[in-house]
Amino acid sequence: SILAHERAEVHSVAHNSSGSMILTGSDDRTVKLWDSRSGTKLSSLEGAVKAVMCVRFSHDGSMLLGASGDFAVRVWSLQTKRVLHTLTGHTGKIYTAGFMPDSQGLFSSGYDRYLKMWDLNKGLVSKTMLCTSSCNDAAVSRDGTIITTVHLDSTIRFWDARQCEFAHELSGVHTQPITSVMFNPAYENQIVTNARDDTICIVDVRKYDVVQTLRSPQYKNGVNWNRAAVSPDGSYVAAGGSDGTIYVWDVGTGQVAKTLSGSHKSAV
């Protein structure tokens with residue numbers, strides 16, 4: 001294990017495409033880069049004025065971002081560790097951001113209920129779309145055509161990323177605020193959502209239909225930044241609980257295959 005940020009909560013963790021490096025973002029306003037094999041800190045990136053809520057690597061491996069409570073997204077060069085862009089325009093905390101698959105743009109959203117698209121060649125916003133509700137997380141499809149956002153009002157919203165316009169709204173999947181969304185790496189037409197109703201849902205984005213719901217009597221989603229993760233082959237889904245335990249579900253059986261406890265003393 002790595003003590004990444006002493007005396008400060010870690011809000012976001014991300015790995016690069018090869019898994020050789022890890023990013024962490026924290027309440028201490030820093031983004032830290034780690035060697036995942038040795039646990040060695042490679043760099044500490046500063047600039048954020050408030051807590052860093054989300055970190056991501058670009059798909060081409062050349063950049064990384066940190067989205068912050070200071071209403072800005074900062075983009076750093078992985079090679080030089082220098083800030084390439086400070087993207088401002090949100091009027092509330094930014095909870096989520098991510099690079100587009102071509103690494104030429106990114107999206108961001110958060111408390112101000114807006115989804116923004118950014119052109120990284122110009123360093124400017126290219127489109128702003130109203131989401132109606134505070135956005136806790138967002139994800140882009142592998143081909144870059146769909147952005148999915150999940151919200152405080154328990155709704156999943158789909159956006160046409162090429163036309164930069166609203167496409168569909170899906171309610172009734174969860175009964176409480178949705179805290180995370182990601183596209184299934186093994187099945188490009190599926191997303192996986194996690195919510196405060198203590199369920200994880202696998203949704204078909206073509207039919208807008210729930211394929212599977214994962215739950216456990218012991219599992220409690222205790223925080224609005226709780227994230228679920230899917231294994232590369234789509235066989236397992238993991239999520240941290242309010243008691244510090246990590247739960248791993250076998251998608252094939254729908255049952256908890258393993259619990260990992262003892263490493264965390266508070267909500268994961």
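**Pairing, hairpins and overall form**

Tutor: In this predicted model, strand β21 (residues 228-230) pairs with strand β22 (residues 236-240) in the antiparallel sense over three bridges. Residues are numbered from 1 along each chain as its sequence is written, local features need pLDDT of at least 70, side-chain atom pairs count only at pLDDT 80 or more, and totals for chains, interfaces and linings use all residues. Side-chain values use heavy atoms, with hydrogens and water left out.

Student: What makes β21 and β22 a pair?
Tutor: Two strands pair if DSSP finds at least two bridges between them, strands being DSSP runs of E with at least two residues, numbered from the N terminus; β21 and β22 have three bridges, and therefore they count as paired. Ala229 stands opposite Ala238 in β22, and in the turn of this hairpin, which has five residues between its strands, Gly234 has a positive phi of about 75°.

Student: How do you know that β22 and β23 pair?
Tutor: Five bridges join β22 to strand β23 (residues 246-250), and the two run antiparallel. Gly240 stands opposite Ile246 in β23, while Gly244, in the turn of the hairpin that β22 and β23 form, has a positive phi of about 90°.

Student: Why is the protein chain called as compact as a globular protein of its length?
Tutor: The chain has zero helices and 24 strands. Its radius of gyration, taken over C-alpha atoms, is 17 Å, close to the 18 Å that the globule rule (2.2 Å times the number of residues to the power 0.38) gives for 268 residues, so the description holds.

How values were computed:
Helix = DSSP H or I, 4+ residues; strand = E, 2+ residues; numbered from the N terminus.
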